[in-house]
Structure formats: C-alpha cells, structure tokens
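This report covers selected features of one model, from chain totals to single side-chain pairs. Please keep the structure open while reading.

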Amino acid sequence: MGGVVGGEARVTPDLSPARLILSESTPAPQPVPSEAGGAGPVHQTPVRSAPPANAVTPRMSEQARAWTLSPPEGASTYGPRIDALLERSHVFEAGLAAVMLAWLVLAVWRFRGARPVVAANGGTRRSRAWVLGLAVCVFVGVDGTLFLGSERYARDVLWNLEVPANDPRTVRLELNAHQWSWEARYAGEDGRFGTPDDVVTWNDLRVPVGVPVWVQLVSTDVVHGFSLPAFRVKLDAIPGRVNQTWFQAAREGTFEVACYQHCGTSHYRMRGLLTVLSEADYARWLHEAGRLATQSYDADDAAAHWGWEWRAP
Amino acid sequence: MNPEASLASSEASAPRRAESTRWFAGVLAHGAGTMFFVALAFAAGWYRMRGLWVLPAVAPSVLPPCVAGAFLLGVGPLLLRASRVDASTPRRALPWLGGALVSGAGFLGTQAAWLHVMFWYRDLRVPEGGAFASAFYGLSALQAVHVGLVLLAVLVAAVSTWRGGDARDAARRALAGWLFTVATFGLLFLAVYLP
Amino acid sequence: MRASWVRALWTTDHKQVARQYLWGGLGFLLLGGLLALLIRWQWAWPGQPVPGLAWALPESRGALTPPTYTVLFTLHGLVMIFFAVTPLLFGALGHFVLPLAIGARGFAFPRLSAAGFWAYAVGGALVLASFAVRLGPASAGWTSYPPLATPAFTPGVGQTLMTVAILCVGVSAFSYGLNFVVTVVRCRAPGMTWGRMPLVVWGLFYGAVLNVLFVPVLAAATLLLLLDRVAGTQFFIAGAAAVGGGGDPIVYQHLFWLFGHPEVYILILPAWGMVGDFVAYFSRKPAHGYRLTAGAMGAVTAMSGLVYAHHLFTSGLSPVLGRAFMVLTLLISLPAEVMFLNWLMTLWRGSVRLTSPMLAALATMVVFGLGGITGLALGAVATDVPLHGTMWVVGHFHLTMGAASFLAVFAGLYFWFPKMYGRALHEGLAKAHVLASAVLFVGVFGGQLAAGYAGQLRRLYDPYQYTYLKHLLPLNQWTTGCAFLLGAAQLLFVGNLVWTLWRGRAAEPNPWSVGTLEWTCATSPPAPDNYATEPVVLRGPHVLSQPDVQQQLGRDWIGQAEAAVLGGTE
C-alpha cells in the first residue's frame, strides 16, 4: 500500500494549472477496494453499534451487482443503521407502489367500458372518509417509520458530535477542498493544529480502524461536496464556513473519497483515497509523516499554514 | 350562489368590476414587489447574522431615515382623503393629491440627500464597503423606486383630476401601493438602518 | 393599419399566445431532449465520439470533453425547466384553457400575456445566442451555485447571458402568474363558482399563485448573482480564501431553493389538475372527492415554501432547522396521498375509456406515484445522506417533474388539440406515443434510480473514474438504450402533429363527450372572443352518467351551461 507520503505535499494552494497537474501526477495508490486489506470481501450485517459483525460472504460478480439495487459496499460502524433504515423504508415504499399499481391496473381492467355506478356528487361521505383515513394510515406508517428511524440516527450519530468529542482516541482531521483535490491536515503527534509537525496530505486520507474520525471541512474556492460512499458520509464544503461531521471505520481497507457537488470542469476527477489502517500502522505512519513534515517545515510559506484552531461543537 | 343574481350584478356595475380587477391586480403586483424586497432583505439579514456586516467607521445615523419615514407616513392619510372626496366635486381631491405628492417628494428628497452624504462625505462606497454598503444603497434605492412608482401613479391621478377627470379610483389604488411601501420601508429600517 | 406580420407576432388573443408558447416550448423541449441524449451517451460510452457530432466539436472529433459536458447538463436542466415544461404547461395549455374553462372572453390583461410571451422569447433567444459566444454557454449547473457561477470561476459571457435569460423568463412567469390569478378571481362567467371550476383551473390557479409569490425570490437571487457577475459586488463570491472578500454563498442556496422547491410544484400542479379532470371524464363519473382534491392541492401550495431546506440537508444545516424541514417535508406527502387515492376512487366503478388523454393521465399517475414514493427517503435526514447528490435524486425528480409533467403536457395536448387547431390527431399514433413514452420513462429513470442507489453521483463526466462505480457501466448502457428509444418514440408525436396539421380530418365539436364550457359553448377553434354569448354556468365540470340527464337527453353528459335539465344536479 505504498503511495503518498504525508510531508511531501506542502504545496501552495493556488489556482494555477501547475498545481492541478501536480495533484494529478501524484502517484496515488490504486487498489480496488475488494482487493485491499487481504481479508477478501466483507459485508456488514446491520448492527446497532461497534464492533461490527464481519460476516464474510461469497462475492457475486461485479457485473451482476449492478442490477441488485444495493448500496455501495459499506465499511462504517454506523453505516448499517442507515442501510437498514433505507431498506426498511424501501420495502414499505415498494409495497405502496405495488398496491397503487395493482389498484390502478385492476380498476382499468375491471371497469373498462363497464356501466358506471354513479353517486351524484363524486363519492359518498363514507367513501371520502375512507380516502382520508387510508391516506393518514399510509402517512403514519410509512412516513412515521422513516421519521422515527431518521430521527434516532440523527440523534445518535449524525448530529451527535459528543461521541468524537468525548472519545480520547478520536482522530481530528481538517479538510480543505480545492478545485479539484482534497487537502487534509492532521494535528500530528502533539495533537495541536498549526504546529510544525502538522501532516498535510493531498487526496490521501488515512485513518485508524475502530476510532471516531472527526472531520472539519472548508473550501478554498467553490462549493464542493465531501462524500465517503462506503461510510455513508456526505457534507458540503462551503467557502467561508467550517462544517463538521464524523464517522468510524469498521474494517481496514482502501476506499474512495468523492466530490458530489458540481465544482467545475474537472469535478469528476476530484477523487481521493481513504485508507483505513490498524491503530498501530496508523500511529507508525503519523509518526513518520510528522517527522518528515517537521524537517521540511517552512515558517515563511504562509499559504501552507491554512489550518485553524480546532472548533468545539 | 344564485347565477341570475350574479349575472345581474355583473351587468349593473361593469366599470366597478373592472376597477376592482385593476385594484386586485395592483395589490398582487405590489405584493410580488414586496416579496422581491423581502428576499433581498433576508439576504441582508443573513449577512448581518453571519457577522459579514462591517459597519463603516462613522455609522449612519438613524435620524435621516426617521425623518424620511415621517414624510412617507404622511402620504397615506392624504391619499385616503383624496379617495373619499364627493363624487360631484372631484376637483376637491386636488389639494390632497398635491399634498401627498409633496410629502412623497419630501421622502425621496430626504433619502437621496442622505445617501448622497453617505457616499460623498462619509466615504461609504460600493463595493469596497462590503455587504453593508451594498445592502444600504441597493435596498434603499429599490425601496425608493417602489415609492417613486406609487408617486408616479399619484401624479397621473392629479393631472387627470386637474383636467376635470375623476381620479378617486386611482387614489385608492395608490393607497394600496403606499401600504406596501410602508411595509418595505419598515423592513428596510429594521434590517439595514437600525444599528 | 399595422402590417400583418406585426399582428401575427404581437397578438393579445390568448389562444394565439398559447400557440406561440406551444411552438416555443416544443422547440426547446426538442433541444433539451437532445442535450439529455448526449449526456446519456457520455455515461454509456464515456469519451467516445458521438456519431454525427463532429461538425459541432471538430477538435475532439465529436467526442464530448469535460467543458462541453458541463454545458450539456447545465443547459439541459435550465432549458427543460424554464424554457420547455413550464412554458408548455402554463404558456401553452394554461393560456389556451384557462379563460375558456371559466367562461371568460380572455385574460384580464391581454396585453400582459402578449408581453409575457415576448419576455420568454427574448430569454430563449439569449439562451440560443449563448451557444455562439466565447467560452460557450452557461456551465455552472442549473442551480448556478456561487461561487462557481461567479466570474472568478465561470468567466464566460454565456453564464451572464443565461443569468439574464432567467430574469427574462422570470418576468414572463410573473406576468402570466399575475394574469392567471386575477382572471380566475375576477373574470369567471356568471354561475362559475369556485366549486364548479374544472380541476385543471385549480391547478393552474395554485401554480400561478406560486409564480406570483416565489418568482420574485428567484429574481432576487439571480439579480444579486448578476450584480456579482457584472458590477463587481461580492454578495456570494467571498469567503473563498482564493479570491478574498466577505460574502456568503449559502444565502444564494437558501433563496434559490425557496424558489426552487415551489417551482417543482409549479411544474406539477397543472398536471395534477389535468389528471383529476381526465380521470373523471374518461371514467364517465364525477371526480371522487372534488373538494378534497382541490383542498389537497391548496394544502400543497400553502406548504410548498416551507419544505425547501431538504435540498440543504448536507449543507451543515443546524439540527433544529434540519428536524423542522424533515417534518414539514414528510407532511407534504399527506395531501398528495389524499389526491392520489381520490383519483383511484374515481376510476373505481366507473366506465373507463382508454382514449389517448386518458392513457396519458394514467401514465402520469403511475410515474408521479413512483417519483413521489422514491422521494420519501430524500425527505428524511438520515436516509438523504447516502442518496444526496446521486442519480437516485435525478431519477426521483425526473419521474415527478420530468416524466409526470411531460406526460401531463401530452395528456392536455391530445385532449385540447382538436379545440386548438380544429383538427383531430390520429388516436392510434397518440396512444402508441403515450404508451411507449411512459414505459421508456420508467426504464430510463428506473435505471437512474438503481445507479443512484448503488452510489453513482450526479454530473460526473466519467463516473467510472471511481472504482466503486465501475460495475455500473452495463446498467448505464441499458438506461442509455432506453433513453434513445424514448427519443425515437417522440417521432410518433412529431409525425402525428405534422400529418394532422397538413391534412388531418376536422375534429368533431365534442370528441370526448364532456360538459365543460370550451367543448359545449365554443366553436373549434374558438372565435377571437371565445363565446358568442356569455355562458351562464349551472353545474360542475364532471356531471357525467347522471340518471336524470340520461333519461332526458339520451346521453351521459350535459354541458356546464346547458339549460336542458332542471333539477338538482351539481
């Protein structure tokens, strides 16, 4: 899993084509997620919290997977909760769609050219009450499930920054989106941002497994969208404000970072890699990268010092 | 609803119906203009909330807009009076319409003089002055244009009265427009002028 | 006095204005559709030369380049929404039907509707002109989010022209919105009470109310963007470290979606109205729960401005706002369900006639139902996260405001074409067109939903840059196949239209056997002032299959203003 060394990338974040070429020519590791980690394909069964159950299932062919209506392979501790909620609501919705279609087809088939049974005013008081009642029942059932599940997830995970804030192992990550690359800043071993041992990487995130990762996100130029498809994470990177979110990796491997907001011509190339390492590997990497960064630290390079004091929630 | 009755009423008062149609359309148009203004004022309020609202070294005083606001408030009652003169003596509306025009001109004059002073003597420039300056001039000008349109309608009404026409309906329409300009000015005052 | 070409172009007859909008809208529909096919081509065969496009893109020998591709999806969205579907629904069908259906001789302000069309035409001309300017047309996405849409990142004149063009269609939309509202409130024929209006009039009315209320908001956002582009202001640019300054791009997003979400209801409300009417007409039965349906449409209208921030769930919205907008968004599905059940109940125990407008209305129901259901997961914060910005969203909103609005446009066109042009379209071709379009719409947007669920993000020039999306190529090729077939199916309509206008047979006076004013009191096409004598309305629009009517008249329908039957029919 060779590739980018953290300290190398202290590049002035300008908008010149030269920088673009640099970030493109950066030798990025290109392993296919399924081949990474050596453990073979891993599917998460829906679980409520860490540690995840690593049920290893035989992999179906890549081509066939396209037709199964399945989300991207997951690698997040809490992702299965969203997946389960989505699956549950899709079952409801598929049922709803089936009933609706069946009703429509049946009505057309059964009453095509039939003798109409007519109430003078379009339905009776009773039939209208049925319509209202049925609508309310469907609404409570389907929307209610969705709302409660969503609300619980938002309360426990999505908007609950207490988890990373209270966990001493939390990895803090400052992320700066550019046209068209992801620049990441780690606090280094001293745990403070804005010091010489800050590790800066381009399009190459590294996080330890099983530990909350707390991301604070900005943009240098236009609105970008930071997404980790395998971790069910999405957040806008907006110039002039710091957005934050968090996630936790359930297993080691290499995954992709994607931009989901149209950010210009090369939007589609705004791809980064996220490597989940074991805690020991991560510590080793951070130590080494921090050492290199300290060596090449240039106090006069103002553009390289874009980090900020960590913002509490 | 009894169709025959409504038919009869519609034929009896076709001009009245046309007038209320015009009045209703005027209200809708002024309402949409106000919506446009509200959207812009929302943006101004947002910049204020985000702390992107840097007041100039010499903050504008609240006194000039208060004076202007008093002029603006004066327009309404005069228009109301003009719209209620007796049908037999439509020219009686002239002094009231004239008064409304003078009061409205007082509003526009005060605002214009104030913006002039801010720009040339207080060095509050666009776009250097940032979001505050943009909102200050932009929203003031937009609101003044709205008032100006209402006053134009009053002027047309006054001229037609002077020539012997009956402009009470026009005064009533202008009155509706005036209400919206008061609302937008209040919003402008709260969102921009109030320190 | 005036030259005949001036009279032909500057017409204040609402039926003529409707025809002008119809041709403009169909033209832009063709343009937007072709752009869509190019986008689909790119996703099936990324970077491969498009056959027959080498003349337009000589440098790449017809292959789409990333800059061209950004132009394609930007213009596809803008053209379809502002220049094709809205003008077809409101400009063409709305202008034609609304005064006729309420028994008016025209709009309250005929010159305003003519001016509105010309504002639209100027906007359209600017869009077309933007293809010819340096750096090409707009490319910042249909939403034109700043700072990308500011000159710092999109310097081309094309983007500025598009911003002005949006202001032009805003003027047009506002003018017909005002005209529609005033006309419905003030100009109904005697006896045309609110409860006797056809549902399509309700739909157009509510849509017009939304136009009057929210188009000014779009105008505000667009104006600020335009000032940023041409006057050097910094409302949205700044905060971006690369360019310095002090604005906030999020304001634009709020203003834009405060307009943008009502806009999707603007696009669907007339469609709902038509479905409600046509389902009743062609089940030969009064609409079930007329008041409930009209009320549900009103409820959606009232709530439409209160749900917009679900477009911003991933923008770092505060949890308080996130929760509020989640609740409101889910809540707005309730009236839609009531309406849908009413349509189904209208069909039930009716006498269903599968004419071309009916087929199109049923197809609208199906695609709208699927689109609405797939939108639920986007309205809840947690489930929105994995789907946000993916092709799932694209599939969802194309089903509702793309496919459903499109099919409703054709439902209306097939229904009123005999009235508009006095000639009857070929029923068989029309049915084939509707059926093929509906099936292929489900294919195309179903494929997009599947790709989105698998994580494919929107607006990617080459989605297969991402390893986790590589396996979606065959799915996308299948979807693209459906899209090309869908494009080809439109030839059925074009052929039908051309043939009918050239030598179609004359339409019968009331081909659908319905009782609404335009079919029972006016000629086809109607005279310039619509009605020889002002109709006096006696009953609602769906008085079908009533026993006393059948007894007296020997037919199952009676005109809304027909005085033949005395007694209690409402």
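## A nonpolar patch on chain B

Which residues make a nonpolar surface patch of about 530 Å²? In this predicted model, the patch is formed by B:Val145, B:Leu149, B:Leu152, B:Leu155, B:Val156 and B:Val159.

One of these residues, B:Leu155, lies in helix α5 of chain B, which covers residues 130-162. The relative accessible area of B:Leu155 is 40%, so the residue is partly exposed. Membership of a patch requires over 30% relative accessible area, and B:Leu155 has 40%.

## Chain A overall

Chain A contains six helices and twelve strands. It has 313 residues, and 54% of them count as buried. Among contacts in chain A with a separation of 6 or more, 69% are between residues 24 or more positions apart.

The accessible surface of chain A is about 13,500 Å². Carbon and sulfur atoms contribute 59% of that surface.

## Two helices of chain C

Helix α13 of chain C spans residues 391-421, and helix α15 of chain C spans residues 473-503. Their axes come within 13 Å and cross at roughly 10°. Angles under 35 degrees count as roughly parallel, so α13(C) is roughly parallel to α15(C).

The α13(C) side of the contact consists of C:Phe406, C:Phe410, C:Leu413, C:Tyr414, C:Phe417 and C:Tyr421. On the α15(C) side, the residues are C:Gln490, C:Phe493, C:Leu497, C:Thr500 and C:Leu501.

## Salt bridges

Over all chains, the structure holds 23 salt bridges. One of them pairs B:Glu19 with B:Arg173, with 3.3 Å between the closest N and O atoms. This pair links distant parts of the chain: B:Glu19 is in helix α2 (residues 14-49) of chain B and B:Arg173 in helix α6 (residues 168-193) of chain B, 154 residues apart. B:Glu19 is buried, at 3% relative accessible area, whereas B:Arg173 is partly exposed, at 30%.

In chain C, C:Asp13 and C:Lys15 form a salt bridge with an N to O distance of 3.0 Å. C:Lys15 has a relative accessible area of 1% and is therefore buried. Elsewhere, salt bridges that share partners join A:Arg81, A:Arg155 and A:Asp156 into one network.

A:Asp156 counts as partly exposed at 29% relative accessibility, and A:Arg155 is partly exposed at 47%.

Notes:
Residues are numbered from 1 along each chain as its sequence is written. Chains are lettered from A and ligands numbered from 1 in the order in which they are written. This is a predicted model: local features need pLDDT of at least 70, side-chain atom pairs count only at pLDDT 80 or more; totals for chains, interfaces and linings use all residues. Side-chain values use heavy atoms; hydrogens and water are left out. Helices (H or I, at least four residues) and strands (E, at least two) are DSSP runs, numbered from the N terminus. Buried means under 20% relative accessible area, exposed over 50%, partly exposed in between (1.4 Å probe, protein chains only). Contact means heavy atoms within 4.5 Å. Accessible areas come from the Shrake-Rupley method with a 1.4 Å probe; for residues, only the protein chains shown count as cover. Patches are made of residues with over 30% relative accessible area and no salt bridge: like charges are joined within 9 Å, nonpolar side chains (Val, Leu, Ile, Met, Phe, Trp, Tyr) within 5 Å. A salt bridge is a side-chain nitrogen of Lys or Arg within 4 Å of a carboxyl oxygen of Asp or Glu. Axes are lines fitted to C-alpha atoms, for helices over the stretch in contact, and angles run from 0 to 180 degrees between N-to-C directions. Angles under 35 degrees count as roughly parallel, over 145 as roughly antiparallel, 65 to 115 as roughly perpendicular and the rest as oblique.
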